[in-house]
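Dear colleague,

Please find the structure below, handed over for your use.

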Amino acid sequence: MEKQRVMILGTGPAGLTAAIYAARANLEPLVIEGNEPGGQLTLTTEVENFPGFPDGIMGPELMDSMREQAKKFGAKFVMGWVSGVDMSERPFKVTVNEKDEYLSDSLIISTGASAKLLGIPGESDNIGRGVSTCATCDGFFFRNKNIIVVGGGDSAMEEATFLTKFASEVTIVHRRNELRASQIMQDRARENPKIKWLLNVTPVEVKSDGNKVNALSVKDNETGEIKDVETTGLFVAIGHRPNTAFLNGQIDVDKVGYIKTRGVSTATNVEGVFACGDVMDSHYRQAITAAGSGCKAAMDVEKFLEGSSVNDWLEAPAKA
Ligand code: NAP
């Protein structure tokens, strides 16, 4: 089995930026594309806030370009998903599609996070046609429209408050009467005159005219009555799930499952394993911040492969 110097797991902006940097450093990275090649940006339409594209760029096109750029410098790609990783010794062993095994001196984990969806009819079919999981990405398209945000946590409060910059009215739809969000975030949303509330209802179906969303059907949890709430935009803000289950507890993660990195670096608690992008960032979650951390991961790997320990370059080495 040929041994790689670095393998990159995941091909969102973090993984592909890491691939570009690692390839330009002559490390010939082997990149595993993952379940959703290109990551979450392939689920959006136009990206207007990625620097360098004053007229915007379609999410899938941006990801294709990053992939081409990495390939041009020598990154190799394997279609498939990582079914297991053995980090008990170096080189690390990575299993792809439950059968193909690879060895690598170092790993960059950039498997991202997936927005949780409601799983109701009409929802996934209308992603990019009114259904979104990212207010920062898509809010701008709903100027002067009525929109719905589903969820009762901090994300829902934050997204709803942010969306009032564009929308004429934002209705927060939540399945209970009580919110999960912190008091300060709730208060901010409650004080916003553009935000309306529809509580104790369960979303049951996203309706569309075949082209774009026109209503969300909800069931009243007390009476069982089902009614349609007219809307052109539906933002699902019920949390994200970092894609770390395949690591089987071999790396330190926080209580939600996001990988913990050390200080300003992308190093994890396992020497030789680095993490970048949404899999280690529950806060910023932007394509550009993911790309930035992908760059850092490749630079960290390069140093590691040159024989330098993370502790040598961290300003404040993590305590044992
Ligand atoms: P969260 O706290 O887990 O809240 C998810 C919300 O979605 C809950 O209200 C939940 O309802 C609802 N939900 C989950 N599954 C659902 C389903 N299938 N159908 C309908 N509703 C569903 O997630 P989050 O809001 O993304 O926050 C995650 C973490 O990030 C939290 O620790 C939060 O404090 C933090 N965060 C902080 C900020 C900030 O401080 N600026 C911003 C965003 C996030 P139930 O309440 O009924 O379970």
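Arg 24 lies over the face of Phe 73, 5.3 Å from the ring centre; a charge sits over a ring if NZ of Lys or CZ of Arg is within 6 Å of the ring centre and within 35 degrees of the ring normal. Likewise, the charged end of Arg 190 is placed over the ring of Trp 197, at 4.8 Å from its centre.

This is a predicted model, in which local features need pLDDT of at least 70 and side-chain atom pairs count only at pLDDT 80 or more, while totals for chains, interfaces and linings use all residues. Residues are numbered from 1 along each chain as its sequence is written, and side-chain values use heavy atoms, with hydrogens and water left out.

Phe 162 and Phe 166 pair edge-to-face, at 5.5 Å between centres and 70° between planes. Together with Phe 140, Phe 162 and Phe 166 make up one aromatic cluster.

Phe 166 is buried at 15% relative accessibility (buried is under 20% relative accessible area, exposed over 50%, partly exposed in between; 1.4 Å probe, protein chains only). Phe 162, at 24%, is partly exposed.

His 240 belongs to strand 18, residues 240-242 (strands are DSSP runs of E, at least two residues, numbered from the N terminus). At 18% relative accessibility, His 240 is buried.

Kind regards

Methods
Helix = DSSP H or I, 4+ residues; strand = E, 2+ residues; numbered from the N terminus. Phe/Tyr/Trp six-rings, centres within 6.5 Å; stacked < 30°, edge-to-face > 60°.
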